[in-house]
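Q: I have a model open and want to go through it in pieces. Can we start with the charged side chains and work from there?

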Amino acid sequence: MAAKKKLVILNVISSGSQVLFVGIVYFLLYRFMLKKVGVEILGVWSVVLSTSSLANLANFGVADSVIRFVALFVKEGDNDKVKKLIFTATVFLGLLFFLIASIIYPFAGLILKAVIPAKYISAGLQILPFSLACLVLNAINGVYASVLDGMQKNYMRSIIFSMSSVMLLIMAYVFVPRYHLLGVAFAQLCQSLFALTGCTLLVILNTRYNPFKWNWNKDIFKQIFNYGMKFQFISLAAMLNDPVTKLLLGRFGGMAFTGYYEMANRVLMQARGVIVNGTQSLIPVMINLSKGTIEVQVFYRRIFSNVLFFSLTGMAILVISGHFIAFYWIGNYRPVFYNVMAILGLSLFINLLNSPAYFYYIAEAKLNVLIRAHLLIGLANLAVGYGVGYFWGGYGVVFGSFLSVLLGSVYILTVFNKMYDLKISSLFQPRDIFYLTIIIGIVVFSNALKVFDDLKINDLLGLSLALIAAGYYFLRFKFKDMQTLTVKG
């Protein structure tokens, strides 16, 4: 039991640390790209990535289903099923995404013409083949990474992904000065190849899997396909969120606004990923959880309290540090960057509060709630983002994204609490409410009340207060809570 607890904590910490480490790498990468190619080309890169990522609409949720079924097969002690699952999922997704990329490429010009200025079309089309190649490689690697997650070997996957991000940065420094935007595409291709090779070798070592042996299994394909189809609906709806937001920004906000949005969103999404990856790593634990309402309630309250603390602390620190980040990342203060970061920070904090319920639904294969939530988020984002963006430009699009996330998050929390006989008020302990009040007060103090004329000094003052409050609260309460993440079973 002690070893299992250590493994769970290791997976949670490594998953979060990976995202934090990758965030630092992207900080350096974006700063480098700003100097070498400019913010508008950065916006073009963002739009092209979003365009190619629309191919994920047809992934049938197979890679996501692998985590759950690997955990179930490991629980049953059936390694032969694990091998058949790996091969079946790899062959299916590899062939599927190759076909999709082949279909998308001839029509990509029409899509790009609708969302980016004419003078950038040539640059966008130049990097598109590499973006599509990475899409295929990442789809295959998604299977191997999911296998490691299902086996509770998240820390291995985290090491590979962290090393691959370093590969991206190094290759960018090598290629971008000579090839400009095309150099970024070369660097991404190197990163994808490195990650795929690393995860494949780890899976082979841990399962004795032979990738060259034909091991297709029709029954396993039906299992992952039936489960994955519901995930596919979730993916379809999710694709109406971030990619559509960027496409709308490209239309109503312009390339510069889109570039600053991409940078602000990248910072916040890396922080979000720390919490999401840590929570997602608990899916195998959730699968082994007793179905009794009482045990679910106890486990859920623990995770919710931890997510509340880390998400509030992370988002608050980033918002407080917004001016400071802008000065040292962009080179000077940009109101667009800071304002977008503040709006998205609040949006992501609210969204993160539903992550424990979200992943428990996945573990229990209760996906209908998530399908409805993502449809609500996606349709609201498209409708409000387009409608308000038409009149208010980029800020209207960002507001549409915020409102859609708020609606979807409230829906997931409300349904989960009703299903397991929980009251929202019972999830917030008095100490959590006190900490929430303190942090909100510090955010308001550091941004609304300018104690010093220098914005960087105000940021440092607010950041110091937030870190002191967070440090005290963690050592006083959360450190002990981290010891109670596992359950019997």
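Q: What holds the side chains of E76 and K81 together, and at what N to O distance?
A: A salt bridge, with 3.9 Å from N to O. Bear in mind that this is a predicted model.

Q: Is K81 buried or partly exposed?
A: K81 is partly exposed, because its relative accessibility is 31% and buried means under 20%.

Q: How many salt bridges turn up in the whole structure?
A: The search finds four. Another one of them joins K84 and D80, whose closest N and O atoms are 3.3 Å apart.

Q: Where do K84 and D80 sit relative to each other?
A: Both are in helix α4, which covers residues 79-115. They are four residues apart there, so about one helical turn separates them.

Q: And how exposed are K84 and D80?
A: K84 is partly exposed at 22% relative accessible area. D80 also counts as partly exposed, at 41%.

Q: Which residue does E262 bridge to?
A: K246, at 2.8 Å from N to O. This pair links distant parts of the chain, with E262 in helix α10 (residues 254-280) and K246 in helix α9, 16 residues apart.

Q: Are E262 and K246 buried or exposed?
A: E262 counts as buried, with 3% relative accessibility. K246 is buried as well, at 8%.

Q: Changing topic. How many aromatic pairs are there?
A: The search of the whole structure gives 30. One of them is F32 with Y173, where the ring centres are 4.2 Å apart and the planes are at 25°, so the pair is stacked.

Q: Why does the F32 and Y173 pair tie together separate parts?
A: Because F32 lies in helix α1 and Y173 in helix α6 (residues 154-179), parts that are 141 residues apart in sequence.

Q: Buried or exposed, those two?
A: F32 counts as buried at 9% relative accessibility. Y173 is partly exposed, at 44%.

Q: What about F252 and Y386?
A: They form an edge-to-face pair, 5.2 Å from centre to centre with 80° between the planes. F252 is in helix α9 (residues 242-252) and Y386 in helix α16 (residues 368-392), so this pair too connects distant parts of the chain, 134 residues apart.

Q: How accessible are F252 and Y386?
A: F252 is buried, with a relative accessible area of 18%. Y386 counts as partly exposed at 39%.

Q: Which residues form one aromatic cluster?
A: Y300, F304, Y360, Y361, F416, Y420 and F428.

Q: F428 again, then. What is the C-alpha separation between L308 and F428?
A: It is 8.9 Å, although the two are 120 residues apart along the chain. L308 is found in helix α12, residues 293-320.

Q: What else does L308 touch?
A: Leaving aside neighbours within four places in sequence, L308 is in contact with F349, L353, F428 and D432. L308 counts as buried, at 3% relative accessibility.

Q: Now the core. How many residues are in the largest nonpolar one?
A: It has 157 residues, and those with the most contacts inside it are F337, I362 and F416. F416 is also a member of the aromatic cluster.

Q: Who does F337 touch?
A: Not counting residues up to four places away in sequence, F337 touches Y260, M263, A264, G322, I325, A326, W329 and I330.

Q: Where is L20, and is it buried or exposed?
A: L20 is in helix α1. It counts as exposed, because its relative accessible area is 53% and the cut-off for exposed is over 50%.

Q: Last one, the overall picture. How many helices and strands?
A: The chain has 19 helices and zero strands. Of its 489 residues, 57% count as buried.

Notes. Residues are numbered from 1 along each chain as its sequence is written. This is a predicted model: local features need pLDDT of at least 70, side-chain atom pairs count only at pLDDT 80 or more; totals for chains, interfaces and linings use all residues. Side-chain values use heavy atoms; hydrogens and water are left out. A nonpolar core is a set of buried Ala, Val, Leu, Ile, Met, Phe, Trp, Tyr and Cys residues joined through side-chain atoms within 4.5 Å. Buried means under 20% relative accessible area, exposed over 50%, partly exposed in between (1.4 Å probe, protein chains only). Contact means heavy atoms within 4.5 Å. Helices (H or I, at least four residues) and strands (E, at least two) are DSSP runs, numbered from the N terminus. Rings of Phe, Tyr and Trp (its six-membered ring) pair if their centres lie within 6.5 Å; planes under 30 degrees apart count as stacked, over 60 as edge-to-face and the rest as tilted.
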